[in-house]
Structure formats: C-alpha cells, structure tokens
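Could you take me through this structure, one selection at a time? I have the viewer open and would like to know what to click on next and what I will find there.

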Amino acid sequence: MAAGDAIVGHVVTFGRVLREAGLEIGPGRVADALRALDAVDLARQEDVYFSLRQTLVSRHDELDLFDRAYGAWFLRAPVLPPARQRTAADTLTRVGESPGDRLRAAEQDEEAGDPLELGASGHELLRDKDFAELSGDELRRIRDLIARIARTRPQRVSRRRTADARGDRLDVRRLIRHSLRTGGDPVDRPFRARKDVPRKLVVLCDVSGSMDAYARALLLFLHAVVGTGRGVEAFAFGTRLSRLTPDLATRDPDAALARCTEAVVDWGSGTRIGASLREFNEIYGRRALSRGAIVLIVSDGWEREDPELVGREMAKLARAAYAVVWVNPLKGNPEYQPLAGGMRAALPYVDRFLPGHNLRSLEELAAVLAGIERRHAA
Amino acid sequence: MEFASIDELERALRDADYLPDRGLATALYLSLALSKPVLLEGEAGVGKTEAAKALASVLEARLIRLQCYEGLDVAHAVYEWNYPRQLLHIRAAQEGTVREEELFGPEYLIRRPLLEAIDSDEPVVLLIDEIDRADEEFEAFLLEVLSDFQITIPEIGTIAARRKPAVILTSNRTRELHDALKRRALFHWIGHPSIEREIEIVRLRVPGIPERLAAEAAAFVRELRGLDLAKPPGVAETIDWAMALNALGRQELDAEIVEQTLGSVLKYREDIDAVRDETLARLVDEARAAAAAS
C-alpha cells in the first residue's frame, strides 16, 4: 500500500473515534477507506473528505456525526465529536427519572418486599387495572402478556408468489418440468399463490409529562412490536421527535428502555404534537415511510401550542397512510370527552380512536390492528 | 475507457453534458478504482439515475437498467424460461422423446437485466434503480449476486461474469436497506446543487437560454426549496421549467409568467396553492435579487 504507515494509523484511530460516536465501523470499512485514499490525491482535502465519508458512512443520518468527527480529528476544529453515552450511571444523572429507571427501581423494590401471589383471577384483575396504577411488580408480570398482544401484526398481500397447492396461478415452470416425466402431458398442476406479509406499522408515542404514567407500559408494548420483525418504525415525541427503532431493537426489554431514555432528549417535558408531526412528515413522510402503513399515535392530545397545526399535519399523514389509529389512555375514563384542542383537531383524520390504559384495551387495539380496513381512498 | 484521476473523470462527465459535484465525481471514480458498487441516495430529482447514464456514456459501456418494484422476482430480474416455446417444442416432437437438455437450452432462455449484465462481453454499467422499492428477499438475493458476480441456473449451470460490471444502486430511502448490502457498497448522498452549479446545469441543458433567465429560474426554485412543500422541486424540475420559459421566449421572470408555468415546477395541488399571490410576488422579487447578486 502506497499510503504510509502514518496514514494507516490515522485512519484506524479515526475509525475508532467514529465507533465511539456510535457509527458501525468494521475492519472492512477501514480497509476500504485506506484503498480509497490510495486512489486519490491526498493533497486535495475535499477528495480525502469524500473518500473517507463514502467508505465509512452508509446512512444519511450519520453524515452530521461524521462531519463533526472529521472536523475534530482531521481539521483539528475546536469541537468534540458527540460521543453517545452508554452507561446506566450517565443516564441517571443526565435525564433524571425516566420509565426505564423506574422499571429497574421498581424491580429492586419488589426483590425487597413480599412477592405478590397472583392466580388466574389475579391476571384477570390486572387486565382491567389502569397502567398508571400498576406497581413495578405488576408491570413486570404483565410484560409477557403485552409481548403476546404485540405479536398480532396486520397483514397485507404480497405481490410475490410462492408455491402453494391451493394457489390461484399456474406454476408454468414446474408444470413444464413435471410434464417431461409424463411424456409432455401436464398431469400434475402445480400452483402459486400470493402470500400474506406484515403490513408496515409506524408508531408515534407521546412521552411528555402528561403521559408519564402510561409511558412505561406503552414502551414495553412498542418494544414487543418492534421485536415482531421488519417493517416497524417507532418514534417518541414530546417537544421534538426521536426515532427509537434502533434502540428498541435490543432483545432485552430493560436494556431497550434504557437506550430509549438516552435517545429521547425530552422525557416528561411539554408537548408539541403539531410540530412533532410536522417533523415526522418532513423527514420520514417524504421518504414514504408512512405510505401504505398503519400509523399508530399514542398521545393524550394535549397540544401546548397550535392545535391548527395538528390538524394540518394530521391531514398530510392521513393522506399517505393506509389507516391512522389514535390511542388515548384518557379515553379509558368513561367520562372522557375529547376537548383538548389538539385532540379535537386530529380526530377528523383518525380512522380508529381507542383507549390504551390497560391490558384489555391493548388486546382490543391488537384486534383492531389485525383487522383494519382502509377507510379512505388512496 | 480508464480514468487516471477524479479530475479526468469529472472532465469526461462534463463533456457528456453531466455536471457532477466533486463528491459525486469522487464516488464514481472510487467505485471504478475499488470495483465496488456505489449507492446513491438523495431527494427525488437530484440526478441519481442521470449519473448512471452519464457514467455509461463516458465509459463507452452499455447501460443495463433494472427498475425495482414491489414483487420484483428472479423471473423478471434474472431470467425466465420461454414456456410457450418449450410447450410447442414438446408438441412438435410428440412422437419422439424430448430430452431435458434440449428443452432447457439457451434458445429457450429469456435473459433479464441481471443475467444480461453478468453474461456480457462488452463493458456494462448496471443501474439498479430504486432498490428500496424491491422486497427484502430480493435485496438478499441481489447481495449474493453483487458479491460473487455469478448466477446459477439449475438447468444450465453457473454463469460467472467475465468482466465485472460497474454497479450503481439508487434509493429514495422509503426504507432502510440491509446493513450487509450497505457494507458492500460505497455510499454517497446527493444534495441539491449550489446555485452556481444549478445555473450552469440549466444553461447546459437548455441551449440558447438567456443567462439572466437561467439565473432567475434557478434562484426561484431555490426559494421554493426553502418553503414547507410536500414535494420540493429537484434539478429535473428546474430544467423542465427553464425549457418552458425559454420556449415562451422569456428574457426574465415576472409574477404572471411564473403563475402560468408553475405546474412544471410544483407537482402537487396543495404546493401550488401555497405559493400563490403575495407569496409568489415576494419569491419572484427575492429570486431576481438573488440572481442579480450571483
């Protein structure tokens, strides 16, 4: 390799810097970066920059991180790359009490206290108990139930066909092959059919202060939904939007919740539903993330700023989506009326409006998701 | 054609009427030098597909395009057997016996883009367009093809590429691609061009356009991109629009002509409604000021 040892050292260390900042940099990428630098003129800074960026970064949302790290490392700019903190201690001091911490704290409480005996009737009681009133122990007990509910995913029919004896389309390739055995006569008639695949699901979960009591249970639900496979995107919002999908992809629910609390900058803050929806529509809606998807919004509809904006952005969202489902834990109260300005502005664009305050209502939600039909035309 | 440096490739692309920015030229150059596929992402209309066409032209290579869509499968991407001909052949040989090799020979094979690209003797640029629209299963299959550059047809055997095609993938990011596929490719994000470059592109693509009109049109589109629109216009829209203005014999912009021709820049009713009236007059003024300054 023509590039000298100094460059190799530089690039390897830079790879480590990026890794610490949260990018996935394997040895293959570093090797590519060195080969790329070998092919370009090192005296041209622009070419060095693009060579490194194009070999080390593979996602648009990592570009900003890369630019800052590049500035700090190669240009000696006086900014530090924003390293993601990963330890639990950091999280505690940084975001204060959050659902993940409370879950952990609640479990420690449980170990100290008397374990509660729960029979079948106990589960039955739990099903109707408001999430806001659950103890840490009870929350842990219903975790598996929540996961089971989340596993029911809405399906759509794929355009791909696979072999299926009860299919509707003749499998000509296999027909020809089989007919060779019978002297050219098509005795066997193999068929192909379209199969069902999970429909895209986008979940937007309100984690502002007013939703705090429900956030931990709903995050468990989100975690389980993301765990059902591809095509699920999860976001949290308060005053702004954070994408949670990669953080929730961790198998262990506790670790996933801890990572979520790191990712979300505004736990327990105020709510700007309209602005958050706009952020979603602009960044992700434009990438057609919501097109043909079921969009599930979990929020109490308390907009602190501009209810009109909520209506406008909901209209955009509803146009792209296959169906919009709004889950509002407050609706669990029989006396609840959707009087909050944001909620009222949003309702005309909502296909199904459901409570989400206890296990039974989550079951109802899963049933609705599984059987939902498109209400409006494309 | 071989290119010894990014500068050389950039010059050749310019001569082929494609103006890449330095980043894109670097990506294409590295893709050739490292013989790795390059994944181009960016907003609609920034010239991702055009880049592949231009590269094919400067390499004097054949452009083979695979347009992806949901449900795309091997039969439409790689090969398919010509069943009607096979059936006819069986029919014709009714009395004798048909051997399997006869029936599954090259003359019954319908070659689709991937097979064409792998089994080609001339240089090829393979454009896999909008890969994010294809199913994930297909993406996994594609990953295999792009690592080995060979295709196995059970009835015939394995066909390996005699020369690796240059591969360009494009994605509009309607979903995230597999990490494995991304690891295999260089990645380049194409943003909207700078105002100077966009003016240059318009003047290149719309021969004879008055300099002032080109600058004002580019500046106006730039103003539009700053608004909250459902679909901000890309370079392709700027070119279409400049063509329309030029065909109407315009020397410069005014609110009236913009109003009449807005449909070639903005494609959504709500976007057109959003820039009517005062907004439009204001944007025209700002664009004219910006164009005069640039």
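Predicted model: local features only at pLDDT ≥ 70, side-chain atom pairs only at ≥ 80, totals over all residues.

**Stop 1: two loop residues**

Stay on B:E130 for a moment. You will find B:E130 in the loop between β5 (124–129) and α8 (136–148) of chain B. Check its backbone: phi is near 55 degrees, a positive value in a residue other than glycine. Most residues other than glycine have a negative phi.

Now select B:E60, which sits in the loop between α3 (48–58) and β2 of chain B. Its phi is positive too, near 50 degrees, and B:E60 is not a glycine. With 9 other C-beta atoms within 10 Å, B:E60 is exposed.

**Stop 2: the sheet of chain B**

Show chain B as a cartoon. Chain B has 15 helices and nine strands. Five strands form an open sheet in the order β2-β5-β8-β1-β9, with parallel pairing. At the edges are β2 (62–67) and β9 (186–190) of chain B, each of which pairs on one side only. From one strand to the next, the twist averages 20 degrees.

- Zoom in on B:R62, whose bridge partner in β5(B) is B:V124.
- Move on to β5(B) and β8(B), which run parallel and are joined by four bridges. Here B:L127 has B:I168 of β8(B) as its bridge partner.
- Finish with β1 (residues 38–42) of chain B and β9(B), which pair in the parallel sense over five bridges. Opposite B:G42 stands B:I190 in β9(B).

For the chain as a whole, buried residues make up 38% of the 294 residues in chain B.

**Stop 3**

Next, select α2 (residues 22–33) of chain B. This helix packs on the sheet, where α2(B) touches β1, β8 (166–171) and β9 of chain B. The direction of α2(B) makes about 160 degrees with that of β9(B).

The axes of α1(B) and α2(B) are 9 Å apart, and the two helices pack at an angle of about 110 degrees. That makes α1(B) roughly perpendicular to α2(B), and their crossing is right-handed. To see the contact itself, show the side chains of B:I6, B:L9, B:E10 and B:L13 on α1(B), together with B:A25, B:T26, B:L28 and B:Y29 on α2(B). By class, this contact has six nonpolar, one polar and one charged residues.

**Stop 3: across to chain A**

Keep α2(B) selected and bring in chain A. Which helix of chain A crosses α2(B) at roughly 60 degrees? The helix to pick is α3(A), and its axis comes within 9 Å of that of α2(B). The two helices are therefore oblique to each other, and the crossing of α3(A) and α2(B) is right-handed. Show A:E46, A:D47, A:F50, A:S51 and A:Q54 in α3(A), which meet B:R22, B:G23, B:T26, B:A27 and B:L30 in α2(B). This contact of α3(A) with α2(B) has three nonpolar, four polar and three charged residues.

Now zoom out to the interface between the chains. In it, 30 residues of chain A are in contact with 30 residues of chain B. Select α2 (27–39), α3 (45–56), β1 (155–163) and α9 (172–181) of chain A: each supplies at least two residues of the side that touches chain B. The largest share of that side, six residues, comes from α3(A). Colour the side of chain A that touches chain B by class, and you will see 11 nonpolar, nine polar and 10 charged residues.

Conventions
Residues numbered from 1 in each chain as written. Chains lettered and ligands numbered in written order. Contact = placed C-beta atoms within 7 Å. Nonpolar A, V, L, I, M, F, W, Y, C, P; charged D, E, K, R; others polar. Pairing = 2+ DSSP bridges. Axes fitted to C-alpha atoms, helices over the stretch in contact; angles between N-to-C directions. Parallel < 35°, antiparallel > 145°, perpendicular 65-115°, else oblique. Left-handed = near helix turned anticlockwise from the far one by under 90°. Buried ≥ 20, exposed ≤ 12 C-beta atoms within 10 Å, placed from the backbone.
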